[in-house]
Amino acid sequence: MSHLLALTMAAPALAAVVLLAIPGTSRTALRVVSLIGAVISLAGSIWVATLYDRALGGLQLLDTVPLVPSLGIHLKLAVDGWGVALLLLTGVIIVTGVLASWSVAKRDKEFFLLLLVLVSGVYGVFISQDLFIFFLFYEIAVLPMYLLIGIWGSSHKVPSAGPFGFTWKRFEVGSREYAAMKLTLMLLVGSAAILVAMFLLWSNSGARTFDMQVLEATKFPIAVQHVVFPLVWLGFGTLAGVFPFHTWSPDGHASAPTAVSMLHAGVLMKLGAFGVLRIGMVLVPDAAAWWAPIVGAVAVVNVLYGALCAASQKDLKYIVAYSSVSHMGVVMLGIATMNAAGWNGAVYQMVAHGIMTGLFFALVGLVYERAHTRTIAKMGGFAHVMPVVAGFFTLACLSSLGLPGTAGFVAEFMVFAGAAKGASPWWAIPGVLGAFVTAVYVLRACKTIFWGPAPVDEFAHLQDVQRTEWAAPLVLGSLLVVFGFWPKLLLDFIDAASQGYLGRLPIVALAQAVTP
Amino acid sequence: MSPVTLAIVATVAPAVAALLLLVLSPLRHRGAPAAWVTLLGSLVSLGAAVMLLVARLGGAPDARATIPWIEERGRAMAEIGILIDGVSLPMLIIVCLVALCVQVFSIAYMHDEPPRAFGRYFTLHALFLFSMNVVVVSPNLLQLFAGWELVGLTSYLLIGFYFAKPAAAQAAVKAFWMTKLADMGFLFGLLVLYVSTGGFEWTSAPSATVATWVTGLLFLAVVGKSAQFPLHIWLPDAMEGPTPVSALLHAATMVAAGVFLVVRADPLFALAPGTREVMLWVGSITAVFAALLALVQHDIKKVLAFSTCSQLGYMVAALGAGQAFAGFFHLGTHAFFKALLFLAAGSVIHAVHSNSLDDMGGLRKKLPLTTAAFVIGSLSLAGVPGFAGFFSKDLVLTSLEGKASWIPWAMLLGAAFLTAFYMGRLLIKAFWGELSERSSHAHEGNVAMTGPLVVLAIPSLASGFLGGWLATQSSAQYELHLGLTPVLASVMSLAGLGAAILVFRKGGQAPFTHVLEKLDTFSVVDRTWAGAYRIGLLGVASLAGWIDRYLIDGLINFTGWSALEGGSSARRLQTGLVRDYALLVTVGVLVLVLIGVLR
Amino acid sequence: MTLMNCILLASALMAIGVYGLATRKQAVAMLLSVELMANSANILFASFAHFRGGPTGQVFVLFALAITVAEVAVGLALVMLLYRRHGDTALDLASEARQ
Amino acid sequence: MNFDFGFAIVAAVIVVSALFVVRAANLIHAVLWLGVTLLGTAALYAQLNAPFLAGVQVLTYVGGVVTLMIFGVMVTRRHDGIDVVAQTEGADRGFIFASALFVVLALVTWKSAPHVPNPAPVASSADIARALLGEYLIGFEVLSLLLLAAIVGAVVLVRRRDPEPAGEPSPAAAAVSEVNP
Amino acid sequence: MNAWLQVFSLDFAVAALALVVLALDAFLRIPGRVLGWLTAGVLASVLVASFFVDTSGVVPHGVYESGAWVVFFKRLFLVAGLLGVMGSIDWLEERTPRRQAEYYALMLFSLTGMMLVPGARDWVLLLVAFELMGIPLYVLAAWAKTDGPATEPKLGPEAGLKLFVTGVASSAFTLFGLALVIGETGSTALSALPVQLTPLHTTGMLMVIGGLGFKLGAVPFHMWVPDTYQGAPTPFVAFLSVAPKAGGLAAFSVVMLSGWAQHVAVWGPALAVIAGASMVVGNVFALPQTDARRLLGFSGVAQIGAVLLAIAANTQEGLAMALFFISTYVFTNLGAFLVVHAAAQSSGGHEVSMLAGLSRRSPWLGAALLVFLLSLAGIPFVVGFWAKLFVFLAAWRAGLSGLVILAVVVAVLGLFYYLSVARSTFMAEGTSSEPIRAGLGVRLSIVVCLLAVVGLGLWPRPLVDEATRAASAFMQKH
């Protein structure tokens, strides 16, 4: 099937089109259609994975449609091993996300519509082999977020303080509109940087093309590379939550509705990291090698600083959001190592963190929906009334802190091993420390919320997981464990891609010659 | 079946049980079936282990099999597998046997729990046994680490089994944090080993410097897991868990994993004398320190907990002395008698519904079998000649002879006295003397409770005689020789018991009780850690949180604010007066002309 | 009479017109200034036509005159509207649009 | 280089009257001064060998525009006063920019040094007519459209009462028909 | 039939329509609404006819030259005129029922002028056509005069006056500059070149640029934009904000790229400055606006900056991309204004805050507005993205990378206010929840714009090809 990738990518968008035709009053139909779209895309992803020849590696399932040939723009879809892994992640998250949003009551038609459009964009990014199309899908994936958070999000109070406290009132800091606007603007500033980098690559590729394969084969002048790489790094890095451009993430994730948080933290942030890896590291490797120590240093700051910030939060969603900042630091750290272990770990961490944070947000959403509070100090003993939630939450915590047997461990271990083996082995130290701080804050939260005497007040009759709500915990939870025990499932794909791209890096050959 | 298959069966059987229970929630929620599934799993494990033993006795060689786990470029970056040799096989048997006993005991002990909790309890037990077996059979340090963390997890979940109790919740989290803190050492050690040797084998021989780094870092983890000073503080708190759990995890098996690690990684430690020196001292200090604190505990389980710390100190000291086998031997005997003691304590607690020694007294009449078990365990622990503990403790002490410094040796001898002394105190307070009010209603539990006591009492009595065989298995030298140390040790233990009878029979107090109680209640180490946590971690975290919200994010808000303000103030240029508009047209033309002409 | 002088004259007239446009508060006076500016351009056309030859310049002046007349006609209409709106023709009154 | 008195006088008249146009306090005076400027311009056209232009200037501008302006002033005059005061504001600012414009233009002119030694042959009215109906015919036609548009526009704007919408007879028309049966 | 009359057949049809409309009103008293639909119908027919009638050719003396280039623009103007007329029908019927014919006639006059601009190759014709385009706009801007409900500020005169004053000042400068240019070259042909580039000629060119810049609303000739947009009838503003800009662009390209192309060193920097300033000023000033029309006005200033960027590239590709941009801009901005108009008709105000709850009251209008805003902001899969991208690429290729970066950066500001509008539309709770009733004409126009914006967003190639053909037809001749 030659258009499998296109179908996988378009299925959610097509479902969105179908949604347009369904009256908003037939609510079940809306949901079922959305689910069908999501499931088709997941099935497509799985099919892609089965078709992909891991031994062969490289780009497979190529599908090209010329779009604007005069400018060298083609709709060129193909998938590499990284792409396969991330496609699977996206499929799983969207299916569970749709199921987790079953109870969205407000303007549900628009909600599902936007959600599906967004997901198509995400798929598109992972399979685009044309820089321009890549960017196009990237924007599609980023923008619906504005409405999704702005309309369906939640607001809370953030007291003003500090030297910039005077700006609080004007922006209504803490409101969902603020979160949505900040997120969108920061990410689009990032896109602006990407756009400029794209132009630079395009104009310096002798052929004036956006074709990534051609760009890969092009040796760009080092001066160009040195401009492109930081632009790509910070541009995509903003979405990956790179310090100090991460501040959209806590507010955004805290304000977003459940499925959106799941998708955003679970998949969208990966787009950023994927961009840095796929475009920054692969297309401009020489500059990347020069910048890698800086990228790694910042990533290390991310890991530790994100974890510390998370430890100081009192709002459950903020904790999870900051933990994403921290974990994406691990991904960036892996990317910065520029060796196989690090890159494998980075992509594995993308998947692991995606599943883990998806699970987190799904559960937090469940808790919030029932308890109507996210302040952990107000909760307690919830394990008595919602043992399933408690159990899966604990599982997510464990993956978050990198416990062996969960996907988080495999990923973090590879990243740290890659870092230790790389040019700056000291990065592993703050990285591991960050994992320890994670253990502190996740378990403290887990303890406060779920343990303790049975709740007697308004929380006494909270319901446990119901019907469709089972999907997210069950699927994501078991995947965490499966990928934790059997990394080969994914790693074969990821490694195939990493090896392919690494082969092009002269610097890596050098680094590996040093270590036995 | 081949040894490899048997080993896999032994390892995986509890995992299958755990998985069944996790997936088939009705099974778990019903309670009793869960227990049977778990027991079956343990039984299969034990059976496989015994078959392995039989095969080995029949002359079967070591068995090792690995498969790649994390692959890179078609090459295994990390492997998992099994290794059955003279160290892992005895350990496997000990673990499975003790676990089975404890699980059987638990059926009676946990009988009053609601079915769901009961099921959860046994699920966790199955999970624990699996994790522990992963540690035991691991062929390399990475898998050992994985199992190590997993037992940490089950420990956390089991300590927090009574999660409704805030103290239990706190204790569980604390245990996890303390061990996790130490485990960073393990991870760093692994990374160093990986970078310098490209693998995770303990047989790889890196340079002395690397070995020192690796072992030093590994030892950090040992300090945490085996509750050595100053990371021991989690262990007494861990007694918040159900008593059988304390018996299995926090006395017999899990806490000994640290010792097991050092025994396994002995080739590496052998390259690092510096690390061994540190271990020697840490072990000795812990042995004495914990023994002193055990003297003033009023909670029967806490006495045993400190005793565990102390005994682990012995083992670590032996390892530090370079006598891995001595440590391992003591590990084995200790596993039996400490499990026995804990289960007996559990039986007592079950009978009197209290942990406090003050609520007990005269139980000897009500609980004869328990008392017997307890006495056997105590004597073994105290190192009374003939009991299992005597042989292993003697070996530990002997191994310290002729070291550069005699102080550790002396300390451990002193600790031997203290051990006998506090066990004597415990026995007297709980089982002799007047029958207390709570004790008067006490009665023995059913066979599920007493059976394991009997089963465990046997090795507590006799396992000392297996030393020779064990030594040959791990190619170490062992012979019982009569020297100064065994004699002194016997004297010390008997003296300790005697002193205890003298002091406590009349309800007296140990000398320096006051000081020790102050030390216990003030708990310097605990407070130091708490302070470090509050200031070093939470304080810094709050600072980071503030900076993020109010400085970094503030700056971003400020950027946006400036743009908006800029727009607002620029808007004033739009005066609305037509004259100004016309003038601006002129200015514009003028500027354009100037640009063009002056270009 | 040189081309240069003529251009200077036209420039001066243009500048005066600009001055009037920028300072006059009265709508009709503003229209007068516009006339001055248009006139200056016409002078320029005529001058070039004179010095460089051909009918082009003069034709252009004719067109320019017509256009200016049309503009002024509409302009006056607008001024009358302004007057109808405010009872005055002060240009500054036409600044109601919100800032 | 001989000094051209005729040009000097005309130029002086144009400039001075223009200054009065923009400075006169009385609006009627300003309009009249504009008339002077335009007449001066006509004189200049005559000097520039463009008699046809001069004629058109006098007829349309002086005759047409100035009248139109006076009419405009009268119609929009406030009823309470006799003189129409034309205020000015921002004279300094205006002066600065106006003089800057002049200086720039003067400098540019000076730098270009547009000296033309031999004045070119004069274009006759016939030449102009030929050009208008030949080369510029289309422009000329479009100009008629433009004037039509301007007239329609101006009428629509100043018309005080719009005609009745189609379909219903206007009261005025009805009244007329009553008077003249 | 005279051969070159066919060249003007479309223009002639439109001009004749204007006269016919006036006549039908004056003599037959045809109701205004009918006239409106008649106008729309004829414009549509002319538009269709443009695909079947070959209007290419050169008139005697070479003052006018028609071809793919001209036809492209004519169709664009016809579309804009058609949409503008349809959008106005209901408003006129309601607010100024007694002077509808004149409205259409003036619009058609303006349209005629516009359609003549791109083909003009002679300054006289260009100037007259440009003014024919401009003068009716002064009148139409003040169309509301002093009528209307008492609650509404009567901004008609102000709107007209501001447009007028800046307009005549600009045209005075244009005339002055033209005098210099023509004087120095001695010919009224656009392609005429001086023997030697003198400072006077340079000055003349720049003054002409300034004068043309007024119609485009480029900085610093943009001051009328917000005030006029606010005071003029909104359906007319929808037309005003796009069609004359396209006309201005046509004039700009005709002037810059025919004879002056080789003097790019003179006008290039000036144009770059105008373009940069327009993008910055437009975006910054739009930030604090609370009136949707003013906001869209400033945003339009910024958009024009982007078009000028493409012109400043001085390449065929740049021209093609500018054409593409302006075509998409016609649909986008016209649509946006009509949605604002429709919403304001129901809620009684044009403030952004009045759009609150629009998406609830009328999901289709809300979605349409969102699409238009996204397109203006340059978001993928709506046509504005391609427009911006193509322009940037062309400019980048021509070496204007600095300006492109500036454009990309200020575009983020743009996003802020576009999103603010979207926020009102989608997130804020409105006071009323009754559905919005928009007239048929308005609805039809919005739907056409929406289809164009989305359709071209998904498949921009036809229009790109068309624009490229038009640009190459133009550039190869010059």
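Predicted model: local features only at pLDDT ≥ 70, side-chain atom pairs only at ≥ 80, totals over all residues.

Reader: What is the secondary structure of chain C?

Author: Chain C has three helices and zero strands. Along the sequence the pattern reads α-α-α.

Reader: Is chain C compact or spread out?

Author: Compare the radius of gyration with the globule rule. For 99 residues the rule gives 13 Å, while chain C has 17 Å, well over that, so chain C is more spread out than a compact globule. Its C-alpha atoms fill a box of roughly 50 × 25 × 20 Å along the principal axes.

Reader: How many of the residues of chain C count as buried?

Author: Of the 99 residues, 81% count as buried.

Reader: Now the core. Which residues touch the most other members of the largest nonpolar core?

Author: The general idea first. In soluble globular proteins, nonpolar side chains tend to be buried together. Here the largest nonpolar core holds 810 residues, and B:A339 and E:V391 touch the most other members. Domain 1 (1-103) and domain 2 (123-181) of chain D both give residues to this core, so the core lies between them. Beyond its neighbours within four places in sequence, E:V391 contacts residues including E:A306, E:L309 and E:F325.

Reader: And how many residues do chain D and chain C bring to their contact?

Author: Chain D brings 72 residues and chain C brings 61. On the side of chain D, α4(D) gives the largest share, twelve residues. By class, that side has 51 nonpolar, 16 polar and five charged residues.

Note on methods
Residues numbered from 1 in each chain as written. Chains lettered and ligands numbered in written order. Helix = DSSP H or I, 4+ residues; strand = E, 2+ residues; numbered from the N terminus. Rg over C-alpha atoms; globule rule 2.2 N^0.38 Å. Buried ≥ 20, exposed ≤ 12 C-beta atoms within 10 Å, placed from the backbone. Core = buried A, V, L, I, M, F, W, Y, C linked by C-beta atoms within 7 Å. Domains from an automatic or database assignment. Contact = placed C-beta atoms within 7 Å. Nonpolar A, V, L, I, M, F, W, Y, C, P; charged D, E, K, R; others polar.
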